[in-house]
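Good morning, and thank you for coming.

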Amino acid sequence: FNSIVGLLVSIIAVSCFIFILSNFLKSTGALLAISIAIWLIFGIFWSAITTVLTFALGIGFFSKDYFSFVIHSYFFNPLEFFTLLNMYTTNRIFVSQIGIPTNPAIYGVTLPNLIITGLAWTAIPLFIYILLLRKRE
């Protein structure tokens, strides 16, 4: 069940971002380029971005602060919602493909936080898109 919910949140969030952009961009090529850039940032470069930020902030790699920073960054990435759900259901934290048995609630991965994050990544972009559609008509 958590796999389906995690994938749905990711798909809805990214799709709504692209639909919102389509209201502002008239060129299909520009929309495609920005859509690919969004996917690259959230899908591929997110771990590199967080690693650079932890280094810049002086946080030691694989320390408790590092895990906390990386896990908190997952809340700002719709494609990592799946990982957050896995952490909650398996009682393990997942950072850099490493699963460590611990209580994810220590890092803020709780059911209320997951519900708020899931709703924020789906309802807010969907609401903005619907508003833009109504203005367009």
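This is a predicted model: local features need pLDDT of at least 70, side-chain atom pairs count only at pLDDT 80 or more; totals for chains, interfaces and linings use all residues.

The buried residues of α3 are packed against α2 and α4 (64-74), where contact means heavy atoms within 4.5 Å. Helices here are DSSP runs of H or I with at least four residues, numbered from the N terminus. Residues are numbered from 1 along each chain as its sequence is written, and side-chain values use heavy atoms, with hydrogens and water left out.

Which residues of α3 are buried? They are Trp46, Thr50 and Thr54; buried means under 20% relative accessible area, exposed over 50%, and partly exposed in between, with a 1.4 Å probe and protein chains only. These residues cover an arc of only 70 degrees around the axis, and therefore lie on the same side of α3; the arc is taken from the directions from the helix axis to the C-beta atoms. Val52, Phe55 and Ala56, on the other side of α3, are exposed. After α3 comes Gly58, with a positive phi near 75 degrees.

Let us turn to the surface. A nonpolar patch there is formed by Trp39, Ile41, Ile44, Phe45, Ile49, Leu53 and Leu57, which together have about 660 Å² of accessible area. Areas follow the Shrake-Rupley method with a 1.4 Å probe. The contribution of α2 is the greatest, with 3 residues. Leu53, located in helix α3, is partly exposed at a relative accessible area of 41%.

Finally, the aromatic rings. The structure holds 8 aromatic pairs, counted when ring centres of Phe, Tyr or Trp (its six-membered ring) lie within 6.5 Å; planes over 60 degrees apart count as edge-to-face, under 30 as stacked and the rest as tilted. Phe17 and Trp121 form an edge-to-face pair, 5.9 Å centre to centre with 80 degrees between the planes. This pair links distant parts of the chain, helix α1 and helix α6, 104 residues apart. Ring pairs also join Phe17, Phe42, Trp46 and Trp121 into a cluster.

How values were computed: Patches are made of residues with over 30% relative accessible area and no salt bridge: like charges are joined within 9 Å, nonpolar side chains (Val, Leu, Ile, Met, Phe, Trp, Tyr) within 5 Å. A salt bridge is a side-chain nitrogen of Lys or Arg within 4 Å of a carboxyl oxygen of Asp or Glu. Helices (H or I, at least four residues) and strands (E, at least two) are DSSP runs, numbered from the N terminus.
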